[in-house]
Amino acid sequence: MQKITKRSGFEPTSLTRWKASNPGKTYLDLDPGERQDIRAACLAEQFYLCAYCCQPISEQNSMNEHVEARRIAPHRSLDFTNIVASCTTAKQCDDSHGSQPLPLTPFMVECETELEFKLSGRVEGHSARAQEAIRVLNLGDTETNNRALIERRKQFVHSILFSNGINPNDGLDDDELIGMVIEDISTPKTGKLEAYAPVAVNILNNWLR
(Lines give C-alpha, C1' and ligand atoms only; values in the text may rest on other atoms or scores of the structure.)
Protein backbone atom coordinates (compact mmCIF):
# COMPACT_ATOMS: atom_id res chain seq x y z
CA MET A 1 0.00 0.00 0.00
CA GLN A 2 1.28 3.46 -0.80
CA LYS A 3 0.42 6.70 0.99
CA ILE A 4 -1.70 8.83 -1.33
CA THR A 5 -2.20 12.54 -0.85
CA LYS A 6 -5.33 13.95 -2.44
CA ARG A 7 -4.18 17.41 -3.43
CA SER A 8 -6.56 20.34 -3.53
CA GLY A 9 -7.57 21.12 -7.08
CA PHE A 10 -6.71 17.67 -8.47
CA GLU A 11 -10.36 16.79 -9.09
CA PRO A 12 -10.86 16.65 -12.86
CA THR A 13 -12.59 19.75 -14.22
CA SER A 14 -15.01 17.55 -16.13
CA LEU A 15 -16.16 15.89 -12.89
CA THR A 16 -16.58 19.22 -11.11
CA ARG A 17 -18.72 20.53 -13.97
CA TRP A 18 -20.74 17.33 -14.21
CA LYS A 19 -21.58 17.37 -10.50
CA ALA A 20 -22.68 21.01 -10.74
CA SER A 21 -24.95 20.19 -13.69
CA ASN A 22 -26.34 16.97 -12.22
CA PRO A 23 -27.30 17.51 -8.58
CA GLY A 24 -28.54 14.41 -6.82
CA LYS A 25 -26.85 12.03 -9.27
CA THR A 26 -24.43 9.27 -8.27
CA TYR A 27 -21.32 7.60 -9.65
CA LEU A 28 -23.44 5.14 -11.62
CA ASP A 29 -24.87 8.06 -13.60
CA LEU A 30 -21.48 9.25 -14.84
CA ASP A 31 -20.64 9.14 -18.52
CA PRO A 32 -17.62 7.06 -19.63
CA GLY A 33 -15.67 10.26 -20.28
CA GLU A 34 -15.94 11.48 -16.70
CA ARG A 35 -15.00 8.05 -15.37
CA GLN A 36 -11.94 7.98 -17.60
CA ASP A 37 -10.93 11.47 -16.44
CA ILE A 38 -11.18 10.34 -12.80
CA ARG A 39 -8.99 7.34 -13.51
CA ALA A 40 -6.40 9.41 -15.38
CA ALA A 41 -6.18 11.90 -12.49
CA CYS A 42 -5.80 9.10 -9.93
CA LEU A 43 -3.12 7.36 -11.98
CA ALA A 44 -1.10 10.57 -12.17
CA GLU A 45 -1.23 11.28 -8.44
CA GLN A 46 -0.37 7.63 -7.66
CA PHE A 47 2.54 7.65 -10.12
CA TYR A 48 0.90 4.79 -12.03
CA LEU A 49 0.98 2.24 -9.22
CA CYS A 50 -2.03 0.46 -7.72
CA ALA A 51 -3.09 2.19 -4.50
CA TYR A 52 -3.11 -1.13 -2.65
CA CYS A 53 -0.60 -3.65 -4.03
CA CYS A 54 1.71 -1.14 -5.81
CA GLN A 55 1.98 -3.04 -9.07
CA PRO A 56 2.22 -0.92 -12.24
CA ILE A 57 -1.13 0.07 -13.73
CA SER A 58 -2.34 2.07 -16.70
CA GLU A 59 -5.70 3.19 -18.04
CA GLN A 60 -6.04 -0.21 -19.71
CA ASN A 61 -5.60 -2.37 -16.59
CA SER A 62 -6.99 -0.24 -13.77
CA MET A 63 -10.33 0.89 -12.43
CA ASN A 64 -11.82 3.57 -10.21
CA GLU A 65 -11.99 2.21 -6.68
CA HIS A 66 -14.01 3.73 -3.85
CA VAL A 67 -11.96 3.39 -0.68
CA GLU A 68 -15.09 3.83 1.41
CA ALA A 69 -17.37 1.53 -0.55
CA ARG A 70 -20.39 3.02 -2.30
CA ARG A 71 -22.73 0.65 -0.48
CA ILE A 72 -21.38 1.89 2.86
CA ALA A 73 -21.14 5.57 1.93
CA PRO A 74 -23.40 6.28 -1.07
CA HIS A 75 -23.10 10.01 -0.39
CA ARG A 76 -19.38 9.79 -1.25
CA SER A 77 -19.73 8.04 -4.60
CA LEU A 78 -18.71 11.24 -6.45
CA ASP A 79 -16.21 12.40 -3.85
CA PHE A 80 -12.86 12.47 -5.63
CA THR A 81 -11.06 12.31 -2.27
CA ASN A 82 -12.60 8.86 -1.79
CA ILE A 83 -11.48 7.42 -5.14
CA VAL A 84 -8.18 5.79 -6.09
CA ALA A 85 -6.96 3.77 -9.05
CA SER A 86 -6.76 0.05 -8.36
CA CYS A 87 -5.45 -2.86 -10.38
CA THR A 88 -7.99 -5.29 -11.80
CA THR A 89 -6.27 -8.44 -10.50
CA ALA A 90 -8.73 -11.15 -9.56
CA LYS A 91 -9.20 -11.88 -5.85
CA GLN A 92 -7.12 -8.95 -4.58
CA CYS A 93 -7.30 -5.17 -4.20
CA ASP A 94 -10.58 -3.82 -5.67
CA ASP A 95 -11.90 -7.28 -6.54
CA SER A 96 -11.29 -8.55 -3.01
CA HIS A 97 -12.41 -5.33 -1.31
CA GLY A 98 -15.95 -5.31 -2.61
CA SER A 99 -18.14 -3.48 -0.12
CA GLN A 100 -16.22 -4.45 3.02
CA PRO A 101 -15.11 -1.74 5.47
CA LEU A 102 -11.43 -0.87 5.08
CA PRO A 103 -10.01 0.26 8.44
CA LEU A 104 -6.54 1.20 7.18
CA THR A 105 -6.43 3.14 3.92
CA PRO A 106 -3.85 4.66 1.56
CA PHE A 107 -4.96 8.09 2.79
CA MET A 108 -3.54 7.37 6.26
CA VAL A 109 0.15 7.97 6.90
CA GLU A 110 0.07 4.98 9.25
CA CYS A 111 -0.23 2.65 6.26
CA GLU A 112 3.52 3.13 5.85
CA THR A 113 4.31 1.91 9.37
CA GLU A 114 1.51 -0.45 10.40
CA LEU A 115 2.17 -2.57 7.31
CA GLU A 116 5.62 -4.19 7.21
CA PHE A 117 6.86 -5.78 4.01
CA LYS A 118 9.44 -8.54 4.03
CA LEU A 119 12.18 -9.51 1.58
CA SER A 120 10.30 -12.79 1.19
CA GLY A 121 7.48 -10.83 -0.46
CA ARG A 122 5.11 -11.27 2.47
CA VAL A 123 3.42 -8.46 4.38
CA GLU A 124 2.65 -8.32 8.10
CA GLY A 125 0.22 -6.09 9.97
CA HIS A 126 1.38 -4.44 13.21
CA SER A 127 -2.13 -3.48 14.30
CA ALA A 128 -5.56 -5.05 14.22
CA ARG A 129 -6.68 -2.63 11.50
CA ALA A 130 -3.59 -3.39 9.41
CA GLN A 131 -4.23 -7.11 9.66
CA GLU A 132 -7.84 -6.55 8.65
CA ALA A 133 -6.80 -4.41 5.67
CA ILE A 134 -4.45 -7.17 4.53
CA ARG A 135 -7.31 -9.65 4.75
CA VAL A 136 -9.86 -7.42 3.01
CA LEU A 137 -7.51 -6.62 0.12
CA ASN A 138 -5.78 -10.04 0.09
CA LEU A 139 -2.32 -8.44 0.10
CA GLY A 140 -0.35 -11.58 0.78
CA ASP A 141 0.36 -12.28 4.43
CA THR A 142 0.78 -15.98 3.64
CA GLU A 143 1.49 -17.89 0.46
CA THR A 144 -1.73 -19.79 0.97
CA ASN A 145 -3.68 -16.54 0.60
CA ASN A 146 -1.85 -14.96 -2.35
CA ARG A 147 1.24 -16.81 -3.52
CA ALA A 148 1.32 -15.03 -6.90
CA LEU A 149 1.48 -11.53 -5.40
CA ILE A 150 4.09 -12.53 -2.82
CA GLU A 151 6.38 -13.99 -5.46
CA ARG A 152 5.91 -11.08 -7.87
CA ARG A 153 6.56 -8.54 -5.11
CA LYS A 154 9.69 -10.41 -4.00
CA GLN A 155 11.16 -10.48 -7.52
CA PHE A 156 10.58 -6.79 -8.21
CA VAL A 157 11.85 -5.63 -4.80
CA HIS A 158 15.02 -7.72 -5.13
CA SER A 159 15.54 -6.24 -8.60
CA ILE A 160 15.17 -2.68 -7.27
CA LEU A 161 17.64 -3.30 -4.45
CA PHE A 162 20.20 -5.02 -6.69
CA SER A 163 19.98 -2.19 -9.23
CA ASN A 164 20.82 0.24 -6.43
CA GLY A 165 23.86 -1.72 -5.28
CA ILE A 166 22.19 -3.53 -2.37
CA ASN A 167 22.38 -7.30 -2.03
CA PRO A 168 19.15 -8.27 -0.24
CA ASN A 169 20.82 -11.39 1.16
CA ASP A 170 23.58 -9.39 2.84
CA GLY A 171 21.60 -6.41 4.06
CA LEU A 172 23.21 -3.02 4.61
CA ASP A 173 24.29 -1.14 7.72
CA ASP A 174 25.18 2.16 6.06
CA ASP A 175 22.30 4.42 7.09
CA GLU A 176 23.43 7.27 4.86
CA LEU A 177 23.50 5.06 1.78
CA ILE A 178 20.12 3.55 2.66
CA GLY A 179 18.71 7.07 2.92
CA MET A 180 20.09 7.95 -0.51
CA VAL A 181 18.57 4.84 -2.05
CA ILE A 182 15.20 5.57 -0.43
CA GLU A 183 15.24 9.08 -1.85
CA ASP A 184 16.15 7.80 -5.30
CA ILE A 185 13.48 5.10 -5.58
CA SER A 186 10.88 7.43 -4.05
CA THR A 187 11.42 9.96 -6.82
CA PRO A 188 9.16 9.46 -9.86
CA LYS A 189 10.84 9.29 -13.26
CA THR A 190 8.74 10.95 -15.98
CA GLY A 191 5.79 10.87 -13.62
CA LYS A 192 6.06 7.19 -12.72
CA LEU A 193 7.50 5.09 -9.90
CA GLU A 194 9.13 1.71 -10.39
CA ALA A 195 6.97 -1.34 -9.78
CA TYR A 196 6.57 -1.94 -6.04
CA ALA A 197 8.85 1.00 -5.18
CA PRO A 198 6.83 1.88 -2.02
CA VAL A 199 7.33 -1.72 -0.85
CA ALA A 200 11.10 -1.45 -1.27
CA VAL A 201 11.05 1.88 0.60
CA ASN A 202 9.10 0.24 3.43
CA ILE A 203 11.70 -2.53 3.70
CA LEU A 204 14.60 -0.06 3.73
CA ASN A 205 12.92 2.16 6.32
CA ASN A 206 12.55 -0.85 8.57
CA TRP A 207 16.28 -1.49 8.20
CA LEU A 208 16.89 2.05 9.45
CA ARG A 209 14.68 1.41 12.48
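Predicted model: local features only at pLDDT ≥ 70, side-chain atom pairs only at ≥ 80, totals over all residues.

1. The largest nonpolar core comprises 52 residues, and the residues with the most contacts inside it are Ile38, Tyr52, Leu115, Leu139 and Leu204. Among the elements that give two or more residues to this core are helix 1 (13-21), helix 2 (32-45), strand 2 (83-87), strand 3 (115-117), helix 5 (143-163) and helix 7 (197-208).

2. Leucine 204 deserves a separate look: once its neighbours within four places in sequence are set aside, leucine 204 is in contact with Leu161, Ile166, Ile178, Val181, Ile182 and Ile185.

3. The axes of helix 5 and helix 7 come within 9 Å and cross at roughly 70 degrees, which makes helix 5 roughly perpendicular to helix 7, and the crossing is right-handed. On the helix 5 side the contact is made by Arg153, Val157, Ile160 and Leu161, while helix 7 supplies Ala197, Val199, Ala200, Ile203 and Leu204. Of these contact residues, 8 are nonpolar, none is polar and 1 is charged.

4. Two residues other than glycine have a positive phi and may be worth checking in the model. Cysteine 93, with phi near 55 degrees, is found in the loop between strand 2 and helix 3 (94-97), and is buried, with a relative accessible area of 0%. Asparagine 138, with phi near 55 degrees, is found in the loop between helix 4 and helix 5, and is buried, with a relative accessible area of 13%.

Note on methods: Residues numbered from 1 in each chain as written. Heavy atoms only, no water. Core = buried A, V, L, I, M, F, W, Y, C linked by side-chain atoms within 4.5 Å. Buried < 20%, exposed > 50% of the residue type's maximum accessible area, 1.4 Å probe, protein only. Helix = DSSP H or I, 4+ residues; strand = E, 2+ residues; numbered from the N terminus. Contact = heavy atoms within 4.5 Å. Axes fitted to C-alpha atoms, helices over the stretch in contact; angles between N-to-C directions. Parallel < 35°, antiparallel > 145°, perpendicular 65-115°, else oblique. Left-handed = near helix turned anticlockwise from the far one by under 90°. Nonpolar A, V, L, I, M, F, W, Y, C, P; charged D, E, K, R; others polar.
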